[in-house]
Amino acid sequence: MATCKTIVCVAALLLQGCSTAPRFDKHFGASVRANLAAQTIAPHNAANANPALGIDGPAARAAQARYQRSFAQPEAEPAPVIRIMGSVQ
């Protein structure tokens, strides 16, 4: 009988920890929503169906290829200019 009471007491203590729900105030999450709104420049631009104007496909492809080639063979650095100040004897 004592074992049964012990099991019931332990079970009641374990369930009691799960029974309390956190109480949020009415402003919960307001700071997150305010920060998100502050980081959005123009929210109405998401509804714009017109594509962005830019460069055409071949020009963009050539620019990307030029960019990739710039990492394959870095430009040689010019020789440093050394100047000696003062008199040499």
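User: In this predicted model, which elements have the lowest and the highest mean pLDDT?

Analyst: Helix α1 (residues 2-19) has the lowest, at 74. Helix α3 (residues 57-72) has the highest, at 90. Across the protein the average pLDDT is 80, and 85% of the residues score at least 70.

User: What makes up the order of elements from the N terminus on?

Analyst: The order is α-α-α. The count is 3 helices and 0 strands.

User: How many aromatic pairs does a search of the whole structure find?

Analyst: The search finds 1.

User: What separates Tyr67 and Phe71 in helix α3?

Analyst: About one helical turn, because they are 4 residues apart in that helix.

User: Why does Phe71 count as exposed, and what is Tyr67?

Analyst: Phe71 has 56% relative accessibility. Exposed means over 50%, so Phe71 counts as exposed. Tyr67 has a relative accessible area of 46%.

User: What share of the 89 residues is buried?

Analyst: Buried residues make up 0%; the cut-off is under 20% relative accessible area. The accessible surface of the protein is about 9300 Å², with 62% of it belonging to carbon and sulfur atoms.

Terms used: Residues are numbered from 1 along each chain as its sequence is written. This is a predicted model: local features need pLDDT of at least 70, side-chain atom pairs count only at pLDDT 80 or more; totals for chains, interfaces and linings use all residues. Side-chain values use heavy atoms; hydrogens and water are left out. Helices (H or I, at least four residues) and strands (E, at least two) are DSSP runs, numbered from the N terminus. Buried means under 20% relative accessible area, exposed over 50%, partly exposed in between (1.4 Å probe, protein chains only). Accessible areas come from the Shrake-Rupley method with a 1.4 Å probe; for residues, only the protein chains shown count as cover. pLDDT is the predictor's confidence in each residue, from 0 to 100. Rings of Phe, Tyr and Trp (its six-membered ring) pair if their centres lie within 6.5 Å; planes under 30 degrees apart count as stacked, over 60 as edge-to-face and the rest as tilted.
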